[in-house]
Amino acid sequence: MTPRLIEVRANILKENDVLARQLRQRFKRAGVCVVSFVSSPGSGKTTFLEKLMGRMAARHRIAALVGDLATENDAARLRRACPQVRQITTGTACHLDAKMVAAALEGWVLEELDYLFIENVGNLVCPSSYDLGEQMRVVLLSATEGEDKPLKYPTIFNTADVAMITKMDLAVAAEFDLEAARRSILTVRPGMRIVEVSAKTGAGMAETVAMVEGLRVRAQAGC
Amino acid sequence: MHELSIALSMMEQIEQESAKHRGTVRAVQVRIGALAGVDCDALRFAWEIARAGTPFAETELEIDQVPLMVRCPQCGETREAEMFAIACPRCVTPEQEILMGQELELRSMEMET
């Protein structure tokens, strides 16, 4: 028999996309604003998030999920800022997916939250393919990394909404060329919002809080 | 890196789709866009591992690599772009509309009875 060609035309990660869409609807109904953070390992996601949550915890109800291959260390660190934190240990997987997020939310009442932060596994490649149902995805690049990193990892910058340059307090010591970094980001993703922060000195943190709060206000207004 | 997860998702999808038809799956055709974040060589390698010991152990993976195609909203030019330099070279407009290049699609299956 001659072989027959059967059209499928389906997204390979359809299952994840469907689940992510359901999560997004669930978050919206519950009125919780969900922001995820991706970066390479060691760019300061956890420190940044600890400081961000610390600044927001008094005024908002916050929870966080944090992904790593192993250990509960990051969850323990984030709990210093706010108690409702769960670690997702992925074992060997190099990224979070919508299923892991859904499972980690088990037992939490989303209606009682204003913000949910998701810290992805430190990886600039794989998380880009997996929608987690978040409202905003932030990609972090630290001042101690190469200014051309966005050019090397364009996909993640293309799937994120905001770029954040962290560890700005180390910029001088690392001879970090801020303008070159900004150019790299904008070459890959024209018009992308860029925020420069230092979790250590607090520079840029107020702007970040305002951005995140603005996101929730806009979502509630339905835009 | 995450190509094995993608190969396993593909496998599940092929399992579901092929169950609707008679015969064995000789080959599958997938479309991978330049912006999909998937390395085609790594995916081929992952496919070898994923298919071993399954009913699809002989199923060939055929990859159609889709270039990044963009359209300039300003001057209307449609062209293939490098993913690390997306701005329009003609009128320097930075934001471009992505026409294709984000595909991660199981396009078709070739079945034999």
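Are Arg31(B) and Glu105(B) buried or exposed?

Analyst: Both Arg31(B) and Glu105(B) are buried, where buried means under 20% relative accessible area, exposed over 50% and partly exposed in between (1.4 Å probe, protein chains only). The model is a predicted one, in which local features need pLDDT of at least 70 and side-chain atom pairs count only at pLDDT 80 or more, while totals for chains, interfaces and linings use all residues. Residues are numbered from 1 along each chain as its sequence is written, chains are lettered from A and ligands numbered from 1 in the order in which they are written, and side-chain values use heavy atoms, with hydrogens and water left out.

The two side chains meet in a salt bridge at 3.7 Å, N to O; the term stands for a side-chain nitrogen of Lys or Arg within 4 Å of a carboxyl oxygen of Asp or Glu. Arg31(B) belongs to strand S1 of chain B and Glu105(B) to strand S6 of chain B, so the pair ties together parts that are 74 residues apart in sequence. Helices (H or I, at least four residues) and strands (E, at least two) are DSSP runs, numbered from the N terminus.

In total, 33 residues of chain B are in contact with 30 residues of chain A, contact being heavy atoms within 4.5 Å. The area buried between the chains is about 2,800 Å², with 58% of it from carbon and sulfur atoms; buried area is the accessible area (1.4 Å probe) that two parts lose on being put together, summed over both. Of the area that chain B buries against chain A, 17% comes from His2(B), Leu104(B) and Arg107(B), more than from any other three residues.

Between chain B and chain A the count of salt bridges is zero. Eleven residue pairs, both at pLDDT 80 or more, are in polar contact across the two chains. Such a contact is a pair of N or O atoms within 3.5 Å; within protein, one must be able to donate a hydrogen and the other to accept it, and residues adjacent in sequence count only if both atoms are side-chain atoms.

On the side of chain B that touches chain A, the elements giving two or more residues are helix H1 (3–18), strand S1 (24–33) and strand S6 (104–112). S6(B) gives the most, with nine residues. By class, this side has 16 nonpolar, nine polar and eight charged residues. Here Ala, Val, Leu, Ile, Met, Phe, Trp, Tyr, Cys and Pro count as nonpolar, Asp, Glu, Lys and Arg as charged, and the others, Gly among them, as polar.

S6(B) also pairs with strand S1 (residues 4–11) of chain A in the antiparallel sense, over six bridges; two strands pair if DSSP finds at least two bridges between them. Within this pairing, Arg4(A) stands opposite Met111(B). Elsewhere in chain A, Arg9(A) and Glu7(A) join their side chains in a salt bridge of 2.9 Å, N to O. Glu7(A) counts as partly exposed, at 47% relative accessibility.

Another salt bridge in chain B links the side chains of Glu77(B) and Arg90(B), at 2.8 Å, N to O. Glu77(B) is partly exposed, with a relative accessible area of 23%, whereas Arg90(B) counts as exposed at 55%. Over all chains, the structure holds 24 salt bridges.
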